[in-house]
Amino acid sequence: MSTDVFNPEDRPWQQYICLACGLIYDEELGDPDSGLAPGTRFEDIPDDWECPLCGVTKTDFELLEAKVVTAAAPVGAVSSDRPGIVVVGGGIAGWSVVEAIRSLDGETPITMVSACSANRYHKPELSVALSRGLQTEALIKETAADAACRLGVRLLSETFVVGISAARRELRTTRGTLTYSHLVLAQGARPALPDELPASLCWRVNDLAGWSGLQQQLASGPQQVAIVGAGMVGCELAEDLTRAGHRVTLLDRQPLPLSGLIPSEAGEALQHSLSAQGVIYRPSSQIADVCAENGRKQIRLESGETLEVDHVIAATGLKTDSRLARQAGLAFNAGIVVDENMRSSDAFIYALGDCISLDGQPCRFIEPIQHQARAVAAAVLGREPSSYQHKMPVIRLKTRALPLVLHGVPQPDGHWEISHKSDDSMIMQQRMGEEVVATLNIGQPRHSRAA
């Protein structure tokens, strides 16, 4: 008789997925930035540990068990004689809806069309990856080919959509025409570049390809970088690049970072935190033009001053390309208009993620995508409706020196007041009359840090 005793440490490493933002916690890698050494088992994580990207606790994580479809579809083959579900976009939204469909149905044909490689990665990590020394390979969680085989998806990567014929239910691509039973648009949004920022002279860190190009250029050593736009992405990138050893200048038209989203007291605290780390903040700066000279970039301000840097990064917001929606005759208002089932104005076309608008407002948050994907899956498969009920997600600024967490929906004319203040944190509330409509947590109280 064997006397071997099972040792829990001998079991394979497991992965857990954040249900709020999709981050994957890998026991083998741990989370050193928040005090979890490599090899930390999920059950050993302190209860007050927070997701490093969206801030929820471990109760919002579940064991990641990859769905596998036994009969995988060929990768890259085009067949127009088997109408099925066609998904446009190989980012978080596109893969999330494929996963949701496959959790309900393993047989319906699915084709994914992606202008990029469609490798699976977690986009919010891009703004904190340089200081962690991550390479492109480390950011890819699953290759597109592996995901397509696992989920039984016909994958057309590096393929562009030329047009949509809604009447014939056809999608025209650079690799042929696809007939669909239902079409799901998950093509995301693209950087909005003002005229004074030429696309050929500015980096945009909106996808893995853009990040990888920048990372390769910065790998040779410390360089001077200008970031245009002090919104969430701009502030996160400024801290990340500074921590990675680069000299960063952050420019914005407004006097304080995150202007319009957070009160001035919080903006001043954020500016002070960035400056203390070495970021040069240039408020109220309007760029006249950018040009290249002797291998460097010249930024001319309307004040007449000129800044010379090695690289310019545009963090000036996103916009949804309306070309496909207009071509298909879809209602469009800052994004594709959808109902509670994520259905567009065409009964056979659905949309989710960055490319949609709800009540005239774009919905560019990671957290709601999983809920939207489940609604789409139920609708296209004719299952019991799983209506998407939109609510404003918690907004979290991933600056490690001074994290900000915003709950609720701030109003332009609301009054902010400080309800708590200590040496390392502050809580502010915005009121409309007697009602608290938004709460802002600034900094990190010591008692809530993971051990």
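This is a predicted model: local features need pLDDT of at least 70, side-chain atom pairs count only at pLDDT 80 or more; totals for chains, interfaces and linings use all residues.
Proline 222 is 25 residues away from arginine 247 in sequence, yet the two C-alpha atoms are 7.2 Å apart in space.

When neighbours within four places in sequence are left aside, arginine 247 is in contact with Gln223, Gln224, Val225 and Ile280.

## Threonine 242 in helix H5

Threonine 242 is located in helix H5, a helix that spans residues 232-243. Its relative accessible area is 14%, so threonine 242 is buried, the limit for that class being 20%.

Apart from neighbours within four places in sequence, the contacts of threonine 242 are with Val248, Gln277, Gly278 and Val279.

## The covered helix H4

Helix H4, made up of residues 208-218, is mostly covered, with eight of its eleven residues buried. The buried residues in H4 are Leu208, Gly210, Trp211, Ser212, Gly213, Leu214, Gln215 and Leu218.

The cover over these buried residues includes both helices and strands. Among the helices are H2 (136-139) and H5 (232-243). The strands include E6 (120-121), E7 (140-142), E13 (224-228) and E19 (311-314).

## Packing of H1 with H8

Two packed helices are described by the angle between their axes and the distance between the axes. For H1 and helix H8 (residues 369-380), the axes come within 8 Å and cross at roughly 50°. The two helices are therefore oblique to each other, and H1 passes H8 in a right-handed crossing.

On the H1 side, the contact is made by Ile92, Ala93, Ser96, Val97, Ala100, Ile101 and Leu104. H8 contributes Ile369, Gln370, Ala373, Arg374, Val376, Ala377, Ala378 and Val380. The residues of this contact of H1 with H8 divide into twelve nonpolar, two polar and one charged.

## Packing of H1 with H3

Helix H1 (residues 92-104) also packs with helix H3 (residues 144-151), at an angle of about 20° and with the axes 11 Å apart. H1 and H3 are therefore roughly parallel to each other, an angle under 35 degrees being enough for that description. The crossing in which H1 passes H3 is left-handed.

The H1 residues that meet H3 are Trp95, Val98, Glu99 and Arg102. Their counterparts in H3 are Ala144, Ala147, Ala148, Arg150 and Leu151. Six nonpolar, no polar and three charged residues make up the contact of H1 with H3.

An α-helix has 3.6 residues a turn, so residues three or four places apart point the same way. The H1 residues Trp95, Val98, Glu99 and Arg102 meet H3, whereas Ile92, Ala93, Ser96, Val97, Ala100, Ile101 and Leu104 of H1 take part in the contact with H8.

## Positive phi angles in two loops

Most residues other than glycine have a negative phi, and most peptide bonds are trans. Glutamate 158 has a positive phi of about 50° although it is not a glycine. Glutamate 158 is placed in the loop between strand E8 (154-156) and strand E9 (161-165).

Aspartate 359, likewise not a glycine, has a positive phi of about 55°. This aspartate lies in the loop that runs between strand E23 (356-358) and strand E24 (361-362). Aspartate 359 is exposed, with a relative accessible area of 83%.

## Arginine 154 in strand E8

Strand E8 contains arginine 154. With a relative accessible area of 8%, arginine 154 is buried. Between arginine 154 and aspartate 48 there are 106 residues of separation in sequence and 42 Å in space, C-alpha to C-alpha.

## The chain as a whole

The secondary structure of the chain amounts to eight helices and 29 strands. The C-alpha atoms fill a box of roughly 70 × 60 × 55 Å along the principal axes. A compact globule of 451 residues would have a radius of gyration near 22 Å, and the 23 Å of the chain agrees with this.

Of the 451 residues in the chain, 48% are buried. Among contacts between residues at least 6 apart in sequence, 61% join residues at least 24 apart.

Notes:
Residues are numbered from 1 along each chain as its sequence is written. Side-chain values use heavy atoms; hydrogens and water are left out. Axes are lines fitted to C-alpha atoms, for helices over the stretch in contact, and angles run from 0 to 180 degrees between N-to-C directions. Helices (H or I, at least four residues) and strands (E, at least two) are DSSP runs, numbered from the N terminus. Angles under 35 degrees count as roughly parallel, over 145 as roughly antiparallel, 65 to 115 as roughly perpendicular and the rest as oblique. A crossing is left-handed if the near helix is turned anticlockwise from the far one by less than a right angle, and right-handed if clockwise. Contact means heavy atoms within 4.5 Å. Ala, Val, Leu, Ile, Met, Phe, Trp, Tyr, Cys and Pro count as nonpolar, Asp, Glu, Lys and Arg as charged, and the others, Gly among them, as polar. The radius of gyration is taken over C-alpha atoms; the globule rule is 2.2 Å times the number of residues to the power 0.38. Buried means under 20% relative accessible area, exposed over 50%, partly exposed in between (1.4 Å probe, protein chains only).
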